[in-house]
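Take a moment with the sequence and the model below.

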Amino acid sequence: MNDLFESPPPSGGVSAAAPLAERMRPRRFEDVIGQSHLLGPGKPLRIAFESRHPHSMILWGPPGVGKTTLARLMADAFGLDFIAISAVLGGVKDIRDAVERAQATLARTGRPTVVFVDEVHRFNKAQQDAFLPHVESGLFAFVGATTENPSFEVVGALLSRASVYVLQPLTGDELGELLERARREHLNDVAIDAGARQMLIDLADGDARRLLNALQVASEAAQRSGSAIDTQFLRATLPATLRRFDKGGENFYDQISALHKAVRGSDPDAALYWMVRMLDGGADPLYVARRAIRMASEDVGLADPRALSLALDAAQAYERLGSPEGELALAQAIVYLAIAPKSNAVYVAYGQAREFVERDGTRAVPVHLRNAPTRLMKELGYGRSYRYAHEEPDAFAAGETYLPEGVQSPGWYRPTDRGLEGKIAQRMAELRYLNEQIRNEDA
């Protein structure tokens with residue numbers, strides 16, 4: 001193995017009083033558990049580190065998978081100064097201080113500094129832009145860590161100057177290996193039965209930090225009480241632990257996608273499952289309510305206009321009741337959306353109209369449709385020849401046109417035959433027939 005991956009741990013070590021997760025933080029690349037798709041032989045990060053040429057990167061992945069660890073190991077591997085900034089607590093002053101320190105280091109050693117920004121997505125555009133000239137000049141090897149999709153949360157200029165590496169949740173086997181290493185190296189081989197071991201792995205849900213924190217709580221409680229660690233002991237000892245629902249990153253978008261597709265696919269059980277998974281994992285219930293409102297317009301539409309009202313009512317009910325009572329209103333809305341007749345005709349029509357307007361030139365409003373509040377406007381013909389629909393038979397001015405001159409009726413909205421839209425389609429056909437009759441007569 002390359003000596004880069006076998007280098008000795010840095011001096012100083014970690015206090016025995018530090019949290020278990022910090023004591024278990026790898027001090028060598030060979031100690032890293034997981035991310036073999038990036039760190040295995042011939043894999044991208046392995047190649048990058050073995051090249052001994054630091055470069056800027058974005059590490060994207062859920063919590064507890066090693067983003068901070070990899071940034072620190074990168075600095076150690078290249079013998080570079082390391083500056084850590086938390087985007088949650090930091091600001092412009094921290095960036096300015098990092099620049100000054102990196103400039104001093106460059107003047108002294110001629111080498112760049114690794115600047116690690118944790119939760120970089122929490123910095124606004126101006127703060128992210130502040131790094132650009134220093135990344136460009138080589139003063140920084142910038143490493144940003146994020147749980148959210150960098151395509152949406154990292155400014156394009158910074159993203160174009162950094163390689164993006166996607167980190168994965170740890171597998172059950174990898175978490176098991178980590179548990180055994182912690183038990184052996186730091187917990188005096190504390191006894192844990194097979195059921196409790198599996199429970200800890202399941203509760204961790206791919207998050208190494210969560211596993212180690214839970215293991216530390218359980219082992220300390222067992223040591224104090226002289227109890228064995230089994231499933232019953234864990235249930236009594238550990239605080240309520242929710243399954244992870246990252247409010248950013250792949251897990252977030254995947255579960256939202258699954259909920260939306262279950263509703264669209266008219267499967268109420270699956271829709272309820274994904275809604276409950278999201279709530280169980282810590283998603284904001286009002287976010288679920290907003291998604292329901294969106295689904296009501298996008299996927300149910302005018303096939304059942306009551307769906308939008310029900311979704312809005314559910315959001316309001318949750319705002320008034322909170323959890324857990326208000327969640328039942330959300331469940332009611334989700335089930336209704338799933339079983340309602342479906343139509344995306346309005347959604348499609350809206351998209352086509354937007355596309356047309358974006359590529360079309362600016363067209364004047366036809367004179368007969370213009371408002372004429374002043375005498376001059378009336379003299380110019382504004383509103384002249386406009387036919388007031390309510391004075392026409394069946395409140396419909398057959399043959400009247402409402403689009404700009406030169407724009408033929410595009411037929412963007414095409415109602416389905418499902419639900420109320422079946423009646424809407426019938427009414428539109430009747431109106432179309434009346435229009436055609438008038439236009440044929442004029443021809």
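What follows visits a loop residue, a helix and a histidine. Keep in mind that this is a predicted model.

Start with Asn-149. Find it in the loop between β4 (140–146) and α8 (150–153). Is Asn-149 buried or exposed? Its relative accessibility is 12%. Buried means under 20%, so Asn-149 counts as buried. Its side chain reaches the backbone nitrogen of Ser-151 at 2.9 Å. Now look for Trp-60. In sequence, Asn-149 and Trp-60 are 89 residues apart. In space, their C-alpha atoms are 7.2 Å apart.

Next, move to helix α15. It covers residues 268–280, which makes 13 residues. From first C-alpha to last, α15 reaches 18 Å. That is close to the 18 Å expected at 1.5 Å a residue. Which residues of α15 are buried? They are Ala-271, Met-275, Met-278 and Leu-279. Look down the axis of α15: its buried residues fall within an arc of 95°, so they line one face of the helix. An α-helix has 3.6 residues a turn, so residues three or four places apart point the same way.

At the start, a side-chain oxygen of Asp-267 reaches to within 3.2 Å of the backbone nitrogen of Asp-269. Just after the helix, Gly-282 takes a positive phi of about 105°.

Finish at His-260, in helix α14 (residues 249–264). With 7% relative accessibility, His-260 counts as buried. What does it touch, leaving aside neighbours within four places in sequence? His-260 is in contact with Arg-291, Arg-294, Met-295, Glu-298 and Asp-299.

Technical notes. Residues are numbered from 1 along each chain as its sequence is written. This is a predicted model: local features need pLDDT of at least 70, side-chain atom pairs count only at pLDDT 80 or more; totals for chains, interfaces and linings use all residues. Side-chain values use heavy atoms; hydrogens and water are left out. Helices (H or I, at least four residues) and strands (E, at least two) are DSSP runs, numbered from the N terminus. Buried means under 20% relative accessible area, exposed over 50%, partly exposed in between (1.4 Å probe, protein chains only). A polar contact is a pair of N or O atoms within 3.5 Å; within protein, one must be able to donate a hydrogen and the other to accept it, and residues adjacent in sequence count only if both atoms are side-chain atoms. The expected span of a helix is 1.5 Å times one less than its number of residues. The arc is that of the directions from the helix axis to the C-beta atoms. Contact means heavy atoms within 4.5 Å.
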